[in-house]
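Subject: Structure for you to look at

Hello,

Here is the structure I promised to pass on. Please open it alongside this note; my findings follow below.

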Amino acid sequence: MEMFRQPCSVVVFCPTTMSAIASFIKLPKSALEGLRNAAASGTDHDYLSVNGREVAEYRWSGYVLATLLPYLEEKHQIDLMKSEYDELAAFLTNTTGATHFIFTPGQRSAFLNRLEPRAFSEAEMRQYFNEFNATNEQEIGRAMLDGVNALRESLGQIEDTSIVVFSIS
């Protein structure tokens, strides 16, 4: 995914530059049209605060997750970047300027058990991140592994009647 290969992904640990925040908001499927309308009017954050619930926390820069997602797809065939809500995710991304993906019950069923942190190597993830971003971050494997935990935690909260709106802003 070329959209993730940008210089800002290597500024994760630079104290003088801004970082990105990742959020995982569980929302009832019935609230998705309201989210679209809220995003169109610029009130999506308020709408998510009222109608959704944060289901995972990630303490590192969200830019790390922008590398973790293609890693999971490429190396483990875990594709969290595509779902039946791709059109809405693209609309949210284009409207708000923040990257959005929508995690679904189908993804929970397909990938939750495959996101077991013990199945991932910090060293391998560090190497992937550094090659992907043309950098040399020594502690990035831990951040990537924490990302696996956050993704697993968020998928685990999805029910048949809900989704998780994942954003990097």
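What share of the 169 residues in the chain is buried? The figure is 51%. Please keep in mind that this is a predicted model.

First, the overall layout. The chain holds seven helices and four strands. Read from the N terminus, their order is β-α-α-β-α-α-β-α-α-α-β. Take the contacts in the chain with a separation of 6 or more: 79% of them join residues 24 or more positions apart. The accessible surface of the chain is about 8,300 Å². Carbon and sulfur atoms supply 49% of that surface.

Helix H3 spans residues 62–76, and helix H6 spans residues 122–133. Their axes come within 10 Å and cross at roughly 110°. An angle from 65 to 115 degrees counts as roughly perpendicular, so H3 is roughly perpendicular to H6. The crossing of the two helices is right-handed.

Here is who takes part in the contact:

- From H3: Val64, Thr67, Leu68, Pro70, Tyr71, Glu74, Lys75 and His76.
- From H6: Glu124, Met125, Tyr128, Phe129, Phe132 and Asn133.

Sorted by class, the contact of H3 with H6 has eight nonpolar residues. Three polar and three charged residues complete the set. Among the charged ones are Glu74 and Lys75 of H3 and Glu124 of H6.

Best wishes

Methods:
Residues are numbered from 1 along each chain as its sequence is written. This is a predicted model: local features need pLDDT of at least 70, side-chain atom pairs count only at pLDDT 80 or more; totals for chains, interfaces and linings use all residues. Side-chain values use heavy atoms; hydrogens and water are left out. Buried means under 20% relative accessible area, exposed over 50%, partly exposed in between (1.4 Å probe, protein chains only). Contact means heavy atoms within 4.5 Å. Accessible areas come from the Shrake-Rupley method with a 1.4 Å probe; for residues, only the protein chains shown count as cover. Axes are lines fitted to C-alpha atoms, for helices over the stretch in contact, and angles run from 0 to 180 degrees between N-to-C directions. Angles under 35 degrees count as roughly parallel, over 145 as roughly antiparallel, 65 to 115 as roughly perpendicular and the rest as oblique. A crossing is left-handed if the near helix is turned anticlockwise from the far one by less than a right angle, and right-handed if clockwise.
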